[in-house]
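Trainee: I would like to learn how to read a structure like this one. Please show it to me, and we can go through it together.

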Amino acid sequence: MEMEPDFLDRYQRQLSLCEVGLDGQRALRAALVMVVGLGGLGCPVVQYLAAAGVGNFVLVDADRVSLSNLHRQILYNQKDVGRFKVEAAQEWIQKQNAQIKVSVYTEMLSAKNATAFLALADIVVDCTDNFAARYLINDACALANKPWVYGSIAKFEGQVAVFNALMKGAEGENQDMMASEVSEDSFIRSLNYRDVFSKPPGEGEIQNCAEAGVLGALAGIIGSFQAMEVLKWILGLQGLLVNQMLTYNAIDQSIVKFQLDNNSDRK
Amino acid sequence: MMEVQLISFGALTDITGSGVLGFAIPRPAISVAELMSLLFVRYPALEGKTFRIAVNERFVDEKFTIGLGDNVALMPPFSGG
């Protein structure tokens, strides 16, 4: 894939990182990231990935921007109220960099369309706000052999993890790579969302942002964590949040990482 | 006093309280399943709630043995985005 004509200037501040360099920047340009949900988490995810030079996006969300979104969905402004979120996000990305390819779908992810959408993506970012969508993403990514980056928030806390990522087998170090570079026989997939929570909770048990309330900065923090994991995955960096879940608490600014084993509670 | 260090996350702090709490256990080693039963006695509102138990920052299953002084976390899923 051709680089943007101005890429040496545009990305100079990150090209100088040995973890990025020209090869890394090319990998970012070639990557196709699917973002499901363009709300509180989706906005910082899209903003930081587009700014870093991810070359291709698929954006999926049926919602339109409403006034009550503006306190935390910072990609949108007052003029966007009433527009489809994915279209406003597409416009933002194109203004940032006209060379980025963006496909938008003004529909919710469903069992009918998930397989087709996922086939397009290298990696999926879960920025949804309900359990049905998260389990759908989990199950569809498991079937399609795609890695995905989970993020969720509740009041002043958040969770982040990378699920179903390809990793070296037990003998090797944990190092994930773009699927095109690996052969399956020496690699295994990391654990997934059902290895943490095997079934969704009952209706109404866990409140969403509309019910519990949230400050926008929390969505910014957790969305930024998700964006960083996507960048690490594309660049093949160490320390991916695989087989673990990061939890964040904004009140005491604490982070705790919980390890996942194959001792799941799957029944 | 034989205790584990209990900490809840998310809305479970509304039931157990926030911060690290000492939670009494009857013997120096008990299974997660037994701890859950004790938790439901002490905090009846926990019963029926969805959460995983993590011991010393590792998610475990019901058969896992918890020891004195272990950190026990109650972790629910979060929904918001």
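This is a predicted model: local features need pLDDT of at least 70, side-chain atom pairs count only at pLDDT 80 or more; totals for chains, interfaces and linings use all residues.

Trainee: Which residues are linked in a network of salt bridges?

Mentor: A:D80, A:R83, A:E91 and A:K95. Take the pair A:K95 and A:E91, with N to O at 3.6 Å. They are about one helical turn apart because they sit four residues apart in helix α5 (residues 85-96) of chain A. Helices (H or I, at least four residues) and strands (E, at least two) are DSSP runs, numbered from the N terminus.

Trainee: Is A:K95 buried or exposed?

Mentor: Buried means under 20% relative accessible area, exposed over 50%, partly exposed in between (1.4 Å probe, protein chains only). A:K95 has 68%, so it is exposed. A:E91 has 36%, so it counts as partly exposed.

Trainee: What is the area buried between chain A and chain B?

Mentor: The size of an interface is often given as the accessible area lost when the parts come together. Here the loss is summed over both parts, with a 1.4 Å probe. It is about 2,400 Å², and carbon and sulfur atoms give 58% of that. A:E157, A:F197 and A:F258 supply 24% of the area that chain A buries against chain B, more than any other three residues.

Trainee: How many residues does each chain bring to the contact?

Mentor: Contact means heavy atoms within 4.5 Å. Chain A brings 39 residues and chain B brings 20.

Trainee: Which side chains meet in a salt bridge between the two chains?

Mentor: A:D261 and B:R58, at 2.5 Å from N to O. The count between chain A and chain B is one. As for elements, β5(A) gives the largest share of the side of chain A that touches chain B, five residues.

Trainee: Where does A:F156 lie?

Mentor: In the loop between β5 (148-154) and β6 (157-163) of chain A. At 35% relative accessibility, A:F156 counts as partly exposed.

Notes
Residues are numbered from 1 along each chain as its sequence is written. Chains are lettered from A and ligands numbered from 1 in the order in which they are written. Side-chain values use heavy atoms; hydrogens and water are left out. Buried area is the accessible area (1.4 Å probe) that two parts lose on being put together, summed over both. A salt bridge is a side-chain nitrogen of Lys or Arg within 4 Å of a carboxyl oxygen of Asp or Glu.
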